[in-house]
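Dear colleague,

Here is the structure I said I would pass on. My notes on the fold follow below it.

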Amino acid sequence: MQNTQKLTIELVMRVDVRHTGGQSRIFGSTDAVSDIGRLMLKMAQGADNFLLGWNNTNVEQWAISFNSRDVWHIVIDTTQAADADRVTVYQNNVAVSTTVLSAIVQNNQLDLTTSQFLIAMNRPTPYERSFDGILFYAALYTTALSAEQRTQNYNILVNDDDAPPTAAGRPAVTSRPPVVARPRVGARPAAPSRPAVGEAHGGP
């Protein structure tokens, strides 16, 4: 992801309560001392808003939806000419109204030089500002998903967050090559090759 200009955060989550003691981290990358995040979706401390952090700057905010399992896409494309077009947020595949707090500079690149942590649902200790809710699924793409890709993923994730989408270059499970047993020196002959792994869905 280093130096990318296009990126998509894809989440399935439900938020029950906003933590009032600080900015609750949900998903992204940060360093040990940053209060904002290199690439971080979080919740504001004093209002019922989501915040997007980019290169240690809060760049965008939008309203939190409570007690609802939603599919979220945060699509970032810093090559866009208009400030408002560099971040687009979709809730259940519908664009939501956002507020630009500090526009990402056109063609700006994600800088992860000092970022050492991938955070899910919390901030590095000792802060421990978890949000109350469930993060069912999370993915990052180093591309701005197209409308077609986003819709394909939404149609899968809205019903089954255990079934990974296949858009944007992610291979389907059925495309994995067969697993072949390797012989060991002085051991029994190798077992026959296993059949190709079929598609599997986790969870209930």
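The model is predicted. Of the contacts in the chain with a separation of 6 or more, 62% are between residues 24 or more positions apart.

The chain has 204 residues, and 38% of them count as buried.

Secondary structure: the chain holds 11 strands and one helix.

Sheet: five strands form an open sheet in the order 8-7-6-1-11, and their pairing is antiparallel. Strand 8 (94–95) and strand 11 (132–141) are the edge strands, each pairing on one side only. Within the sheet, strand 6 (residues 70–77) and strand 7 (residues 87–91) run antiparallel and are joined by five bridges. His73 is found opposite Tyr90 of strand 7.

Helix: helix 1 (residues 147–157) packs on this sheet. Which strands does helix 1 touch? The contacts are with strand 1 (6–17), strand 6, strand 7 and strand 11. The direction of helix 1 makes about 160° with that of strand 6.

If you look at one region, I would start with strand 6: strand 6 pairs with strand 7 through five bridges and is also touched by helix 1.

Regards

How values were computed
Residues are numbered from 1 along each chain as its sequence is written. This is a predicted model: local features need pLDDT of at least 70, side-chain atom pairs count only at pLDDT 80 or more; totals for chains, interfaces and linings use all residues. Side-chain values use heavy atoms; hydrogens and water are left out. Helices (H or I, at least four residues) and strands (E, at least two) are DSSP runs, numbered from the N terminus. Buried means under 20% relative accessible area, exposed over 50%, partly exposed in between (1.4 Å probe, protein chains only). Contact means heavy atoms within 4.5 Å. Two strands pair if DSSP finds at least two bridges between them. Axes are lines fitted to C-alpha atoms, for helices over the stretch in contact, and angles run from 0 to 180 degrees between N-to-C directions.
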